[in-house]
Amino acid sequence: PQADLVGRAQRRVRLLQNLVNDLLDLAAGKADIRPAASREVSLSAVTAEVCERFAARAREKGLTLAVEVPDSPLTVWSDPADIERVLTNLVSNAVKYTTAGRVTVCLTEEQGTARLAVSDTGIGIAPEAVGHVFEEFYRASNAKAIEEAGTGLGLAIVKDLVERYGGRVEVASVVGRGSTFTVMLP
């Protein structure tokens, strides 16, 4: 019983730590704090690393995690930790909200813009919720129904970080068929 109690306490502490970190990231964006560690970052390498981190979880769920990156490195000017955070949030959500099928992460270059698309065959997002998914603390009702842990800050952080680097993020989704989050970075 004591081990169970300690285990539950540790899980709650981790959730609270994640919440604090998310709130600090959002506060930095609102304060317009520019990243000091910006440099040329291989988006190809970061994409491969993040997807490798989620490969085991995808396999556990019986999902295919496909990664498509160009042969030549595709780079962006950013803080590597910020780009990793964007990718981690998007790939994590795709794996979390997909119960069968696949998650595809595709990186391409289009007219001097890096285009990163994270697609899944997951639960999808209702049309009335799509316009709110990048709002702080917002969680779609179907996401709340299947996953209790979550702050509703991940996609708000993604949007903030992408916009800090002069990019944009979009979502297309159909309930029961999946979602595609697309990030464009100069």
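Does phenylalanine 134 count as buried or exposed, and at what relative accessibility? In this predicted model, phenylalanine 134 counts as buried, because its relative accessibility is 17% and the cut-off for burial is under 20%.

**Overall architecture**

The chain holds six helices and seven strands, which follow one another along the sequence in the pattern α-β-α-β-β-α-β-β-α-α-α-β-β. Of its 186 residues, 41% count as buried, and the accessible surface comes to about 10,300 Å², with 53% of that area belonging to carbon and sulfur atoms. When contacts between residues at least 6 apart in sequence are considered, 70% of them join residues at least 24 apart.

**The sheet and the helix across it**

Five strands form an open sheet in the order β2-β4-β5-β7-β6, and the pairing within it is mixed. Its edge strands are β2 (64-68) and β6, each of which pairs on one side only. On average, neighbouring strands of this sheet are turned by 10° against each other, direction ignored. At the β6 end, β6 and β7 pair in the antiparallel sense over seven bridges, and within this pairing valine 169 has valine 183 of β7 as its bridge partner. Helix α2 lies across β2, β4 and β5, and runs at about 170° to β2.

**The nonpolar core**

The largest nonpolar core has 42 residues, and those with the most contacts inside it are Leu65, Leu90, Val105, Phe181 and Val183. At least two residues of this core come from each of α2 (43-60), α3 (80-96), β4 (102-110), β5 (113-120), α6 (154-164), β6 (168-174) and β7 (178-185). Leucine 90 touches Val118, Leu155, Val158, Phe181 and Val183, when residues up to four places away in sequence are not counted.

Two of these contacts of leucine 90, Leu155 and Val158, are among the buried residues of α6. Just after α6, glycine 166 takes a positive phi of about 80°.

**The aromatic pair**

The count of aromatic pairs comes to one: phenylalanine 134 and phenylalanine 181 are arranged edge-to-face, with 6.1 Å centre to centre and 85° between the planes. Phenylalanine 134 lies in the loop between α4 (127-130) and α5 (141-146), whereas phenylalanine 181 lies in strand β7, so the pair ties together parts that are 47 residues apart in sequence. Phenylalanine 181 likewise counts as buried, at 9% relative accessibility.

**A loop glycine**

Glycine 176 is placed in the loop between β6 and β7. Its relative accessible area is 57%, and it is therefore exposed, the cut-off for that class being over 50%. From glycine 176 to glycine 122 the distance is 6.5 Å, C-alpha to C-alpha, although the two are 54 residues apart in sequence.

| Residue | Relative accessibility | Class |
|---|---|---|
| Phenylalanine 134 | 17% | buried |
| Phenylalanine 181 | 9% | buried |
| Glycine 176 | 57% | exposed |

How values were computed:
Residues are numbered from 1 along each chain as its sequence is written. This is a predicted model: local features need pLDDT of at least 70, side-chain atom pairs count only at pLDDT 80 or more; totals for chains, interfaces and linings use all residues. Side-chain values use heavy atoms; hydrogens and water are left out. A nonpolar core is a set of buried Ala, Val, Leu, Ile, Met, Phe, Trp, Tyr and Cys residues joined through side-chain atoms within 4.5 Å. Buried means under 20% relative accessible area, exposed over 50%, partly exposed in between (1.4 Å probe, protein chains only). Helices (H or I, at least four residues) and strands (E, at least two) are DSSP runs, numbered from the N terminus. Contact means heavy atoms within 4.5 Å. Accessible areas come from the Shrake-Rupley method with a 1.4 Å probe; for residues, only the protein chains shown count as cover. Rings of Phe, Tyr and Trp (its six-membered ring) pair if their centres lie within 6.5 Å; planes under 30 degrees apart count as stacked, over 60 as edge-to-face and the rest as tilted. Two strands pair if DSSP finds at least two bridges between them. Axes are lines fitted to C-alpha atoms, for helices over the stretch in contact, and angles run from 0 to 180 degrees between N-to-C directions.
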